[in-house]
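Please examine the following structure.

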Amino acid sequence: MQEKATTIQSLFESLKANEDLTKKNPCLLKGWVRTNRSSKAIGFLEVNDGSCFKSIQVVYDEKLANFAEVGHILTGACVAVRGEIVLTPEMKQPFELHASEVELLGDVAEDYPLQKKRMSLEYLREIAPMRPRTNTFNALYRVRSKLALAVHEYFQSNGFVYVHTPEITSNDAEGAGQTFTVITDAKDPINDFYGRKVSLTVSGQLHVEPFALSFGKVYTFGPTFRAEKSNTTRHASEFWMIEPEIAFADLSDDMDVMEDSIKFCIRYILANCPDEMKFFDTFIAKGTIEKLEAVLAKPFVRMSYTEGIERLKEAVKKGHPFENKNIEWGMDLQSEHERYLTEEVVKGPMFLTDYPKEIKAFYMKENADGKTVAAADCLVPGEGEIIGGSQREDNYDVLKAKMDKLGNTEGLEWYLNLRKWGGCVHSGFGIGFDRLLMYITGVANIRDTEPYPRTSSNLKY
Ligand code: 4AD
Ligand code: MG
């Protein structure tokens, strides 16, 4: 068995609780060297053990039997340090570790790809497995982990049941034709393993709806896959989605939950990841914390698609430089249009509602006007859409006619039948988890929010 080390996180916890840190002496720490500065008689190692964003300063001197060797320890090396915690309230860091023993657990070879100086995010993307050793990704992946916890905390504490929907499916839930086919024998995909054509899921929604009509409130939270060729900063071919589904809720109730859950997650991260958020605010996107606090302070604006189109037409008249200036009711909005509405008109998060039925998915509730559906996308400055949601079509005949027209009824009879086996008004939505993380941290590229991002023509690790 390996000897258990103290973590830097636990030291800071004790400090916060006003405990006497020196009672923890002698102290053993294990971690990775960020920097090593040494002179003739004394040296300083900055060691990060991954337990929290902060590192610890290790002070060593000639008393070490291996002083000369320790002086040569390189950035990235793995070390175990034994010593005494010494409080340093007058210094930048509140305590340091005075080493009585430094053991090199894992040396680094010359080809270690991380440097002490600041490296570009593009460069770091090429060495994804080593990114977590950097400050930026140490902060990012920790916030990612906490954000997942925030999601579960919010939905579980509000009575939602967590459902694991399948990753392998025979349906294309969004009907957008962006599925990845799953095969074991490429020669005959139809008569393969399942005896039918199957793919990786694009959304757990269809599978989670029956659970909403049994438990009332449910959510699924897992990876989803889309053969999305769009090479943008916001599209990945594998991403995580949170999909709540609520019985006895219409679109307005649905938007209430969208807004409440997003605000909860923001509040949670601001409260639980202060060091990480301060880092993003300083080095990644200045003003991020202020932006998030402003989001918490105001209700999200709700605007209909039809009004959005009017606003966009006005903008074109005033000479706004859209790439696509052909604004027509019925069009699918481009990211530049969504961003104009959320950034220039609303200046904050908003819901755009009641889209033309032709540009939205088949399962959305048709409005009384016969032209639009009860859908709401949540748009945020800097990004555009982070949530897509809708009230579901609960009228059997209307839904059947739509599905028959699309030709996707076969295999989805169970989904259609929900409308005649105790159906009710129900709604749900899908939050792009990676996009939410981008919004909260200010990180501008989805490739920098996922540990191993997958985008078209790009799968290195
Ligand atoms: O708007 P979408 O396609 O909606 C659905 O999938 C519904 N079934 C959700 C539901 O009602 N249960 O996707 C939902 C969200 C988008 O708003 C976006 O944030 C994210 O998923 N998303 C992507 N994120 C990263 N890369 C992609 N290629 C994405 N496609 C969608
Ligand atoms: Mg959408």
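At 35% relative accessibility, Phe-211 counts as partly exposed, because that class lies between buried (under 20% relative accessible area) and exposed (over 50%), with a 1.4 Å probe and protein chains only. Phe-211 belongs to helix α5, residues 205-215; helices are DSSP runs of H or I with at least four residues, strands runs of E with at least two, numbered from the N terminus.

This is a predicted model, in which local features need pLDDT of at least 70, side-chain atom pairs count only at pLDDT 80 or more, and totals for chains, interfaces and linings use all residues. Residues are numbered from 1 along each chain as its sequence is written, chains are lettered from A and ligands numbered from 1 in the order in which they are written, and side-chain values use heavy atoms, leaving out hydrogens and water.

The structure holds 23 aromatic pairs (rings of Phe, Tyr and Trp, the last by its six-membered ring, with centres within 6.5 Å; stacked under 30 degrees between planes, edge-to-face over 60, the rest tilted). Phe-53 and Phe-279 form a tilted pair, 5.2 Å centre to centre with 55° between the planes. Phe-53 lies in the loop between β2 (42-48) and β3 (56-61) and Phe-279 in helix α7 (residues 274-284), so the pair ties together parts 226 residues apart in sequence. Both residues, Phe-53 and Phe-279, are buried.

A stacked pair joins Phe-155 and Tyr-219, at 5.2 Å and 25°. Phe-155 is in helix α4 (residues 135-157) and Tyr-219 in strand β9 (residues 217-225), 64 residues apart. Phe-155 and Tyr-219 are both buried.
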